[in-house]
Amino acid sequence: MALRFIGIDPDTDEHNCPRVWVDDEKKELVFQGWKAGKELEDEVRSTGPLPDYEAVVRIPARMVHILREACDAIEHPDVVR
């Protein structure tokens, strides 16, 4: 796996915080975020199943620019940032 770090929550203390990576080999976005609580998981389940091998994570809106950068990085890996 070749993870490329994209960014971290700009309001972080740099410990235990949301982060975003791109896996260039698998063409996937990788997120570290806050675990969803039971209430949010139940709401997610109202639109479909939540298998044991999947998780719901929360990422703050202040990271939208980092998510856009990650999307651009995975769609256009040859562009150097």
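**Notes on the predicted model**

1. To start with the surface: the accessible area of the protein comes to about 6000 Å², and carbon and sulfur atoms account for 51% of that. Please keep in mind throughout that this is a predicted model.

2. On the overall fold, the protein has two helices and five strands. Reading from the N terminus, the order is β-β-β-β-α-β-α. The C-alpha trace spans about 40 × 30 × 20 Å along its principal axes.

3. Next, burial and contacts. Of the 81 residues in the protein, 23% are buried. Taking contacts between residues at least 6 apart in sequence, 46% join residues at least 24 apart.

4. A word on charge: there are 18 negative side chains and 11 positive ones in the protein. The centres of these two sets lie 1 Å apart.

5. Searching the whole structure turns up one aromatic pair. Its members are Phe-5 and Trp-21, with ring centres 6.2 Å apart and planes at 65°; an angle over 60 degrees counts as edge-to-face, so that is the class of this pair. The pair links distant parts of the chain, as Phe-5 sits in strand 1 (residues 3-8) and Trp-21 in strand 2 (residues 19-23), 16 residues apart.

6. Finally, are the two partners buried or exposed? Trp-21 has 18% relative accessibility and therefore counts as buried, the cut-off being under 20%. Phe-5, at 44%, counts as partly exposed.

Notes:
Residues numbered from 1 in each chain as written. Predicted model: local features only at pLDDT ≥ 70, side-chain atom pairs only at ≥ 80, totals over all residues. Heavy atoms only, no water. Helix = DSSP H or I, 4+ residues; strand = E, 2+ residues; numbered from the N terminus. Buried < 20%, exposed > 50% of the residue type's maximum accessible area, 1.4 Å probe, protein only. Contact = heavy atoms within 4.5 Å. Areas by Shrake-Rupley, 256 points an atom, 1.4 Å probe, with all protein chains shown as cover. Lys, Arg positive; Asp, Glu negative; His and termini not counted. Charge placed at Lys NZ, Arg CZ, Asp CG, Glu CD. Phe/Tyr/Trp six-rings, centres within 6.5 Å; stacked < 30°, edge-to-face > 60°.
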